[in-house]
Structure formats: structure tokens, C-alpha cells
Amino acid sequence: MPVRFNPFEEGFRRDPYPVYRALQADDPVHRSFLDAWVVTRYADVKLVLKDRRFGVDPIPERIAERHRFVKGRGGDLAALLTASERFFFFLDPPTHTRLRGLVRTVFSASAVSRMLPILASYTDRLLDDLTGRDDFDLIEDYAGPLPVFIIASMLGVQDFDLRTLKSWSFELSRILDPLVSLEEYQAMDDIVQGFEGCFREVFAARRKQPADDIISVLLSGARGHDDLQERDLAAICTLLFITGEETTVNLIGNGMLSLQRNPDAWARLREDPGLIGPAVEELLRYESPVQLTTRVAREDVELGGKQVRAGDKIVVGIGAANRDPEVFDQADALRLDRQPNPHLAFGDGIHFCLGAGLARAQGCAAIPRLLARFPRLQIDSDALQWRRNIVVRGLQHLRARP
Ligand code: HEM
């Protein structure tokens, strides 16, 4: 029976790897019912991410088309469309290069290392809050609050309600998914306006008094570009929440689940916290927080023996590539000291994750500190519920006892 790629199926959400493996073996460039090609082999995934014959998937254009199609039913998506058309994630060069350039340096190695003491102290604060409790939710109570606090602090918006910023980021991360309802887009439109309101307040304050934060860097960088408006800068700030929040929650959440399912690896890491650098790389490979991304062919291309036509959409299987046995020995085994580990969890090419260093630093702070504080931590992996998101894969809850 031909293999089907259906990311909406409950079983796929729980364990997509058998489907990926079957596609890699029998149909590596698969024509899906989603009106897209699905590529799952490492070599093809890397090629599509790097080769300029493939461009971004213009998601905002598709939202606009759908909205026009049902015009008269539902409200106005102007804020969502205006902002998302400026998310450089959805843009090709030269605009991509220009907008990404405005924030290129804010996640440099030295900027990340300046965050390390803040990361350590905030993780400890979260762990203090968990100490003494009979049980807790590793997602809600630990993995969840960390990235939103870090991004908010780096941007300089930490005085806003972090729970609200977090839930907004989560809801907006669904913009990457296929088959989102118009009602959800309408909710996203309100959220984009909420984000813009926060950022504009901070823009006004930083214009008077710059501080050591990303918004001040953006405002000063924008001075050389007369055509850049506040809404462009607000879109960049919003994009950082969308891309940096839920992904990092899932690095920690999926990572802890992988360790629980591999008790030898867990014990080894607890005994040797120095292993955390390669361990985080392996956790990113093994249960990749970003499972998929999408591209569109700009010209006709032959891919894995199939003829992809200009304009065709391609689902790029990052999570699949990271389990490709052609590249990773014992691909389905978690080997914390795997070397080399050329995983694609942060993508590749010009859209390579801007926050990779920051994400790695958060994983390296959060996981060993949790293991050290609760050496007998027990994770309940019965009845796991995966979130409905397709692109960013993670758990709804992960209950644990100290
Ligand atoms: C474990 C956590 C993370 C993972 C797995 C991850 C993964 C990715 C991937 C796969 C892409 C490329 C998508 C594509 O090519 O279509 C990407 C892009 C991006 N990421 Fe991350 N990310 C993480 C954390 C972060 C953080 C913490 C930030 C910043 C706060 C961030 C900011 C970005 C941005 C701005 C882009 C778009 C880059 C561009 O289009 O040029 N990410 N990320």
C-alpha cells in the first residue's frame, strides 16, 4: 500500500518516524494530498533549503487570497497581513537580507554569552518555585516560562505580562501551519495588534532614552533607512517571539521526554553534565522542535527523479532528514555523544535559524539544572498529548514528580 503523509493524523503527531522512514525508502519525493511535494531524505532536504531555485513559501499571500475568497464573511485581516508580509522568514532576498541584517548581530555569540547569567538565575528561580511541590508540569511550569522571559528581556519588553506574550506567541506560531481556519487568522490579527501596541510603547520610550536591548539596536539601525517605518520594526520584534518561543519550549520538553525514554542517556548526563553541549545537539536531532518547513520552486527542477514544476510547493522534512539512516548511524537511537552530528534542526542556507546560539544556550542551562535540582525526577509519559501544531512539534503537558 502506498505510504501516505498526513500530518493531521493523531498517530502521526505521536510518532511520525515510521512514516518518514517508509517515505525515505519508497517515495522520497512524495506527491501529497496537500497539493505539495514532501521531501524526506537528508540530501534532498538540504538541497531544497540551500538551492536558490527554491524560494520561500509566500504564506501571507495565501492568507490574503483565502481572505479575499470569503470576503464579506469575517473581519479584516489588515494587521496580520501587513505584519506577516514584513516577516523576513517569509521573504526572499534582497528584502530578506536587508531586514535580517537589522537584527543579525543581536544574537551573536557575545550577545548570547551576556545572557548566560540571566538565564542561569531565571532557571534557578523557576526551579525554586517547583521545589517542595508534589508534582508539576514541565511544560507549563518550567520549559514554558523560560524562552518568553529571555526574548522579552532581550527586546526590552519584560515589563509586559509574560503570560500574555507567551500565549500570543504560541497562537501566532500557527501561522506556519497548513489548513488554519479563518477564525484563527482573525484571532491572530488581534494578537498582532496587541504585539504592535506593546512595541510602539517601548519604541517611544527608547527614542527618548536608549537602553541595552534589541529594540534600541533596531531603532538605531533603522536611522540609516528612511523607508523603514515603526510597523516594519514591530514586525521584526513579533517575528522573534513567533520563532523563538515555542521552538525552545519544545527543545526542553521534547528533550526531557527523550531522556525519560532513554534512561541510560539520562543517567549518563546526570553524572556528566559536561556532556550537555553534544547532548543538546542530539536532542535537537532526535525530536526536532521544527519538523517541517515549506518552500516553493521558482523554476522547473528535477528532484529525486521527479519533475517539480515552477510554482510547486515543497514540504521540507527537517524531522525526517534528522533521522535519515544514510547520514546518521543508528538514526533512531539517542546517542548523546554523537559525532559528527550534522543535523538540520535549525535549517540551512540563508534562512538558517538566527537564534540557534540562544536556543542552544537555553537548552544547556535548563536541562542540566533541572537534573541537578531533582536527581530523582520522575516523568509520567503515559497519555501524552501532542499539541495540534504541525510545523512546530511539542507536548501540551509533561507531568513530573520531583
Ligand atoms: C530550539 C529552538 C529553535 C529551533 C529548533 C529553531 C529552528 C529554526 C528553523 C528550522 C529555522 C529555519 C526555517 C526555514 O528555513 O524555513 C529557523 C529560523 C529562524 N529562527 Fe529559529 N529555532 C529555534 C529558536 C530560535 C530562537 C530562540 C530565535 C530568536 C529569538 C529564533 C529565531 C529565528 C528567526 C528570526 C528565523 C528566521 C530566519 C530567516 O528567515 O532568515 N529561533 N529557526
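**Strands, rings and an iron donor in a predicted model**

Strands β9 and β10 (residues 399-401) run antiparallel and are joined by two bridges. The model is predicted: local features need pLDDT of at least 70, side-chain atom pairs count only at pLDDT 80 or more, and totals for chains, interfaces and linings use all residues. Residues are numbered from 1 along each chain as its sequence is written, and side-chain values use heavy atoms, with hydrogens and water left out.

Strands here are DSSP runs of E with at least two residues, and helices are runs of H or I with at least four; both are numbered from the N terminus. Two strands pair if DSSP finds at least two bridges between them. Ile379 has Ala400 of β10 as its bridge partner. The order β4-β10-β9 describes an open sheet of three strands with antiparallel pairing. The edges are β4 (136-137) and β9 (378-379). Each has a single partner strand, so one side of each is left without a neighbour in the sheet. The loop between β9 and β10 holds Ala383. Ala383 is not a glycine, yet its phi is positive, at about 50°. Its relative accessible area is 79%, so Ala383 is exposed. The classes used are buried (under 20% relative accessible area), exposed (over 50%) and partly exposed (in between), with a 1.4 Å probe and protein chains only.

A hairpin is formed by β1 and β2, with three residues between the strands. Four bridges pair strand β1 (residues 29-32) with strand β2 (residues 36-39) in the antiparallel sense. Ser32 has its bridge partner, Ala36, in β2. In this hairpin, Asp35 takes a positive phi near 60°. The charged end of Arg31 sits over the ring of Trp37, 4.8 Å from the ring centre. Such a contact requires NZ of Lys or CZ of Arg within 6 Å of the ring centre and within 35 degrees of the ring normal. Arg387 also lies over a ring face, that of Phe170, at 4.6 Å from the ring centre.

Aromatic rings also meet each other. A pair of aromatic rings is described by the distance of the centres and the angle of the planes. Rings of Phe, Tyr and Trp (its six-membered ring) pair if their centres lie within 6.5 Å; planes under 30 degrees apart are stacked, over 60 edge-to-face, and the rest tilted. The structure holds 13 aromatic pairs. One of them joins Trp168 and Phe195, with ring centres 5.2 Å apart and planes at 65°, so the pair is edge-to-face. Trp168 belongs to helix α10 (residues 162-173) and Phe195 to helix α11 (residues 182-208), so the pair ties together parts that are 27 residues apart in sequence. Both Trp168 and Phe195 are buried. Phe195 also pairs with Phe241. This second pair is tilted, at 5.2 Å centre to centre and 35° between the planes. Phe241 lies in helix α13 (residues 230-244), so its pair with Phe195 in α11 ties together parts that are 46 residues apart in sequence. Phe195 counts as buried at 0% relative accessibility. Phe241 counts as buried at 0% as well. Elsewhere, ring pairs link Phe5, Phe12, Tyr17 and Tyr20 into a cluster.

Helix α13 has 15 residues. From its first C-alpha to its last it reaches 21 Å, close to the 21 Å expected at 1.5 Å a residue. The expected span is 1.5 Å times one less than the number of residues. Of the 15 residues of α13, 12 are buried, so the helix is largely enclosed by the rest of the structure. Among them are Asp232, Cys237, Phe241 and Gly244.

The ligand contains an iron atom, and Cys353 (SG) is its only protein donor, at 2.3 Å. Donors are N, O and S atoms within 2.8 Å of the metal (3.2 Å for Na, K and Ca); water is not among the atoms, so sites may look incomplete. Cys353 is partly exposed, with a relative accessible area of 29%. The loop between α17 (318-321) and α18 (356-373) carries Cys353. Pro340 is found in the loop between α17 and α18. The peptide bond joining Gln339 and Pro340 is cis, with omega about -10°. Gln330 also lies in the loop between α17 and α18. Its phi is positive, near 45°, although Gln330 is a residue other than glycine.

The structure holds zero disulfides, a disulfide being a pair of cysteine sulfur atoms within 2.5 Å. The sulfur of Cys364 is 14 Å from the closest cysteine sulfur, in Cys353, too far for a bond. At 27% relative accessibility, Cys364 is partly exposed.
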